[in-house]
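Have a look at the structure first, then read on.

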Amino acid sequence: MKETRTEKPQAGVENGLFEQIINDPQIQAFLALADEHLGVIGYTEHGARHGSRVAKWAGSILHDLGHSSEECSLARIAGYLHDIGNFICRENHGQTGATLLYPLLCKYPMTERQLGLVLSAVGNHEEQYGQVYNSICAAVMIGDKSDVHRSRVRDYDPSRNDIHDDVNYAVTRSQLLVDPNVHEIKLELQIDNNIASVMDYFEIFMERMVMCRNASQFLGCSFRISCNGTSIG
Ligand SMILES: [Fe+2]
Ligand SMILES: [Fe+2]
């Protein structure tokens, strides 16, 4: 007999669902393994700290722009889960993660549409192939690509001359600000110029910043960057 999932009330998404999902033992185990595996191949932190930051920012962006609480909740869920596919393989981890998450999330009270929105945001968050299909995608992209900070660097060693570590470690503060009155999303960075320069930042993160601009435009906003108190874009 063909099984169909019951369309659960929308209220479930807004009523503690995020907390249920982030405390799911399977999800916790896969996210921890993703972070562990990326550490092995020399990537920055991609664990609970990164997921929590992206979740917070993705939800806040939509909240501040007046989107529904349902969309804010879905953005938080997708933001927390977006990098889970990394435990299987770094390449195409967005699509891998989305495919993996479908059975994991089916047990939660989400409609097929809500589930699909989360999966689309996970599947499109990387700059190599990501498309802005909807507001959830846009918010997760901006949150993810804006998370540059020294706390993401594992065992920083300047003698390695790893530009990704240098740039991340140089960023002592990163903050996303949304001004709905002027339709602007701004990434404020504090960069220690003794460790890396703004040019270094753009050398490795230009594609990410373009993705943030496109995602912001989808949300009806411009995307601005300020560094050490000066607007640079
Ligand atoms: Fe990713
Ligand atoms: Fe990420």
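Helix α8 (residues 135–145) is mostly covered, with 11 of its 11 residues buried. Buried here means 20 or more other C-beta atoms within 10 Å of a residue's own, exposed means 12 or fewer, and partly exposed is in between, with C-beta atoms placed from the backbone. Keep in mind that this is a predicted model: local features need pLDDT of at least 70, side-chain atom pairs count only at pLDDT 80 or more, and totals for chains, interfaces and linings use all residues. Residues are numbered from 1 along each chain as its sequence is written, while chains are lettered from A and ligands numbered from 1 in the order in which they are written.

**α8 and its surroundings**

- The buried residues of α8 include Ile136, Ala139, Val140 and Met141, and Asp144 and Lys145 are among them too.
- Those buried residues pack against α4, α5, α7, β2 and α10; a contact is a pair of C-beta atoms, placed from the backbone, within 7 Å.
- The element names come from DSSP runs, numbered from the N terminus: helices are H or I with at least four residues, strands are E with at least two.

**α8 against α10**

- α8 and helix α10 (residues 198–218) pack at about 150°, their axes 9 Å apart. Axes are lines fitted to C-alpha atoms, for helices over the stretch in contact, and angles run from 0 to 180 degrees between N-to-C directions.
- That angle is why α8 and α10 count as roughly antiparallel. The cut-offs are under 35 degrees for roughly parallel, over 145 for roughly antiparallel, 65 to 115 for roughly perpendicular, and oblique for the rest.
- The crossing of α8 past α10 is left-handed; that label applies if the near helix is turned anticlockwise from the far one by less than a right angle, and right-handed applies if clockwise.
- On the α8 side you'll find Ala138, Met141, Ile142 and Lys145, and they meet Arg208, Met211, Cys212, Ala215, Ser216 and Phe218 of α10.
- Sorted by class, the α8 and α10 contact has 7 nonpolar, 1 polar and 2 charged residues. Nonpolar covers Ala, Val, Leu, Ile, Met, Phe, Trp, Tyr, Cys and Pro, charged covers Asp, Glu, Lys and Arg, and polar is the others, Gly among them.

**α5 against α8**

- The axes of α5 and α8 come within 9 Å and cross at roughly 45°, so the two helices are oblique to each other.
- α5 passes α8 in a right-handed crossing.
- Glu71, Leu74, Ala75, Ala78 and Gly79 of α5 make this contact with Ser135, Ile136, Ala139, Val140 and Gly143 of α8.

**α5 against α7**

- Helix α5 (residues 69–81) packs on helix α7 (residues 112–123) at about 40°, with the axes 9 Å apart, so this pair is oblique.
- Here α5 crosses α7 in the right-handed sense.
- From α5, Leu74, Ile77, Ala78 and Leu81 meet Gln114, Leu117, Val118, Ala121 and Val122 of α7.
- This contact of α5 with α7 has 8 nonpolar, 1 polar and no charged residues.
- α7 itself has 12 residues and reaches 16 Å from first C-alpha to last, close to the 16 Å expected at 1.5 Å a residue; the expected span is 1.5 Å times one less than the number of residues.

**α4**

- Helix α4 (residues 48–64) has 17 residues and reaches 24 Å between its end C-alphas, close to the 24 Å expected.
- Its buried residues include His50, Arg53, Trp57 and Leu62, and the buried set packs against α3, α5, α8, β1 and β2.
- Just after α4, Gly66 takes a positive phi of about 85°.

**Single residues to check**

- Phe18 sits in helix α2 (residues 17–22) and touches Ser73, Arg76 and Ile77, leaving out residues up to four places away in sequence.
- With 19 C-beta neighbours inside 10 Å, Phe18 counts as partly exposed.
- Asn92, in the loop between α5 and α6, has a positive phi near 55° although it isn't a glycine.
- His183, in the loop between β1 and β2, also has a positive phi, near 55°.

Terms used
Two residues are in contact if their C-beta atoms, placed from the backbone, lie within 7 Å.
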